[in-house]
Amino acid sequence: MPFGNSHNQLKMKFSSEQEYPDLSKHNNHMAKVLTPALYEKLRSKQTPSGFTLDDVIQTGVDNPGHPFIMTVGCVAGDEETYEVFKELLDPIIQDRHGGYKPTDKHKTDLNPSNLKGGDDLDANYVLSSRVRTGRSICGFCLPPHCSRGERRAVEKLSVEALGALTGDLKGKYYALKNMTEAEQQQLIDDHFLFDKPVSPLLLASGMARDWPDARGIWHNDNKTFLVWVNEEDHLRVISMQKGGNMKEVFNRFCTGLTKIEELFKNKGHAFMWNEHLGYVLTCPSNLGTGLRAGVHVKLPNLSKYRQFEEILKRLRLQKRGTGGVDTAAVGGVFDISNADRLGFSEVELVQMVVDGVKLLIVMEKRLEKGQAVEDLMPAQK
Amino acid sequence: MASSFARILSSKRKVGILSLVGAGSLTVGFFLNREQHVNAGAHVRRIYPASAEYPDLRKHNNCMASHLTPAVYAKLCDKTTPNGYTLDLAIQTGVDNPGHPFIKTVGMVAGDEESYEVFADIFNSVIKERHNGYDPCNMKHPTDLDSSKIRGGQFDVKYVLSSRVRTGRSIRGLSLPPACTRAERREVERVVIDALAGLKGDLAGKYYSLTLMNEQEQQQLIDDHFLFDKPVSPLLTCAGMARDWPDARGIWHNNEKTFLVWVNEEDHTRVISMEKGGNMKRVFERFCKGLQEVERLIQEKGWEFMWNEHLGYILTCPSNLGTGLRAGVHVTLPRLSKDPRFPKILDNLRLQKRGTGGVDTAAVGNTFDISNLDRLGQSEVQLVQTVIDGVNYLIECEKKLERGQDIKIPAPISQFK
């Protein structure tokens with residue numbers, strides 16, 4: 001919750017033991033790392049905007065997790081959260097991001113010409129290609145903590161910056177609260193519209209407060225470049241198109257992002273970034289690149305192959321249903337994307353997807369013909 | 001015994017002092033305005049003016065939205081209660097839940113006792129609207145738990161299937177569910193179950209903590225219709241009441257299963273007396289006896305219920321102020337319920353109907369939950385008498401219709417006696 005820290009002062013009257021959450025039934029990254037000693041150490045701290053330890057962990061306390069899926073269980077309320085509460089967040093980041101150490105440096109590479117290939121994924125299998133990331137704007141609190149005034153300022157700034165895009169990036173902003181019925185239906189049909197979050201993971205962190213105030217969707221006239229404003233992050237940036245030309249999608253992604261970043265800088269607001277964590281976002285799982293590059297691809301045979309999961313793991317890819325995270329695959333069509341976010345650059349991650357999906361399609365074709373695929377098993381990347 | 005919690009002033013006459021303490025903290029807040037202080041007391045960090053923070057309430061239909069003008073918002077948005085509760089926190093549920101075109105929700109909650117004082121400018125307007133003109137500034141609320149004053153109250157079981165009286169009580173000195181810390185919530189639990197353990201005779205019972213309950217206990221409580229779930233209504237979750245679920249939540253009931261206390265659900269406690277059949281008088285007797293016993297037991301340990309002479313018993317939702325009392329029956333009225341005059345009859349008797357699943361449910365068959373509309377401005381005895389007299393009238397109507405006789409809409413009874 002926004003505004004000051006007076007509530008935390010109240011808590012300090014009680015002992016750490018009295019306040020320590022009951023995490024005995026919990027299975028998330030936060031619950032694995034937090035100890036009574038660490039809680040005692042960090043409970044009196046706050047970021048300059050007043051975000052406290054309990055604010056960070058509330059979502060993880062309220063959502064014990066799932067026996068099979070390990071959720072993160074904490075969020076950042078502002079850029080400084082990652083510094084002030086680093087003793088809690090560094091181990092979580094390390095566990096979530098494959099051993100990424102507090103001393104590691106993250107490489108940012110948004111130069112699309114460094115991507116090799118990717119323009120020829122077989123369109124008989126690849127239905128669509130998409131790259132998304134998030135960006136946070138320096139000087140503003142993040143969605144769990146921002147006030148209405150801040151959120152509106154983020155919206156205003158974003159609309160101004162996006163309004164300056166030209167050429168094939170020129171587009172229009174649709175505020176959620178001002179949308180007409182017709183506009184809403186069109187955005188739904190285009191699969192652009194986002195809803196008020198229903199996941200308790202998000203609701204418990206306070207991200208849905210004041211919905212739909214200062215939330216909206218911007219997209220270019222061609223409907224290939226899309227920005228969500230004030231959903232789970234300040235900005236979510238999406239480049240997408242039908243077919244398998246991931247290279248083109250990534251080109252547009254990088255060009256668009258770079259332009260947007262420049263426009264924001266011109267207004268005196270850089271994106272939150274540092275050389276250790278890369279781009280800073282609300283959820284620690286999205287640090288680094290915040291990038292998910294993926295395709296919707298038909299793999300009816302390969303998905304039934306006993307080694308499917310292992311192949312994906314070795315290729316550093318993950319599968320989801322075509323409705324996104326937490327959905328099931330329909331008709332043998334999967335959403336295949338990079339599993340990593342931090343510790344690899346954007347180019348490296350998209351390269352993994354391009355190379356990986358190519359291999360998956362080769363294997364799918366073999367299985368179609370009843371041929372073996374064991375010789376194609378990849379090594380662990 | 002935990003001593004880090006604020007101890008209660010032993011006399012209700014001293015309640016006014018708490019309000020002054022609140023005002024003192026506001027002065028501190030004023031001086032610290034617009035500054036960031038790590039060790040500050042009550043202050044509100046503010047970068048944007050009130051006009052930039054004012055919520056968009058144009059599509060809203062709740063009591064808060066009807067009365068929170070930009071001027072009122074600007075006046076109150078920098079204030080905090082001594083515990084640090086703010087206006088934005090109080091109204092968040094009303095901002096997040098625009099309401100329904102037909103049902104007008106309250107749209108704000110209290111985080112502590114002092115909320116009603118510090119944010120009186122908005123709470124009083126909301127209270128006035130919700131409680132049909134009751135003005136906390138110049139009216140006093142009567143509390144009367146002397147069940148011997150009840151006349152009648154034993155209904156014909158051919159019509160009345162069950163009788164129930166519920167209310168809530170808050171423990172003075174501890175924040176309310178929207179704002180309480182885990183330690184405070186645990187202390188509420190400790191204080192309450194300690195007192196309940198002192199109940200004897202037909203009130204002797206047992207506590208079932210939500211975190212420690214086993215499968216059988218859970219199933220039994222479900223079968224008894226005693227178990228409450230984590231709130232799913234966004235009206236409640238947006239107010240922060242479900243934080244840390246199920247920590248420090250539980251259910252206590254007596255061995256006879258006629259007296260039940262919910263701990264740390266929507267209020268510190270919800271107290272329910274119920275039994276099958278139509279003996280509302282006995283249900284209310286047990287209700288009063290149980291409440292008074294619990295009050296005596298907590299006072300022995302130096303605690304008190306939140307109460308003042310204008311607002312009566314202080315609860316989380318302004319709609320439950322005063323008595324916090326809902327006395328009702330499950331009653332079968334096959335003919336009367338189909339009569340077009342039924343709603344008007346209920347209205348004039350100051351009763352409301354709900355489905356037998358409680359608020360927001362539909363009636364099943366011809367059985368309705370009929371209870372008092374009012375909470376504030378009349379005493380417990382008055383409200384229960386209203387229900388008794390009203391249900392008697394409804395049953396008379398049903399009998400008349402059975403005999404083919406016509407019924408009359410009764411004259412409206414007055415709201416504030």
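**Domain and chain interfaces**

A: Between domain 1 of chain B and domain 2 of chain B, the count is 9 residue pairs in polar contact, both residues being at pLDDT 80 or more; a polar contact is a pair of N or O atoms within 3.5 Å, where within protein one must be able to donate a hydrogen and the other to accept it, and residues adjacent in sequence count only if both atoms are side-chain atoms. This is a predicted model, in which local features need pLDDT of at least 70, side-chain atom pairs count only at pLDDT 80 or more, and totals for chains, interfaces and linings use all residues. Residues are numbered from 1 along each chain as its sequence is written, chains are lettered from A and ligands numbered from 1 in the order in which they are written, and side-chain values use heavy atoms, with hydrogens and water left out.

Q: What is the area buried between domain 1 of chain B and domain 2 of chain B?
A: It is about 1700 Å², of which carbon and sulfur atoms give 65%; buried area is the accessible area (1.4 Å probe) that two parts lose on being put together, summed over both. On the domain 1 side of chain B, E113(B), Y116(B) and H131(B) lose the most area to domain 2, together 36% of what that side buries.

Q: Turning to the chains, how much do chain B and chain A bury between them?
A: Chain B and chain A bury about 3400 Å², 42% of it on carbon and sulfur atoms. The contact (heavy atoms within 4.5 Å) takes 47 residues from chain B and 43 residues from chain A.

Q: How many salt bridges cross the interface of chain B and chain A?
A: The rule finds 3. One of them joins D88(B) to R148(A), with the closest N and O atoms 2.5 Å apart.

Note on methods:
A salt bridge is a side-chain nitrogen of Lys or Arg within 4 Å of a carboxyl oxygen of Asp or Glu.
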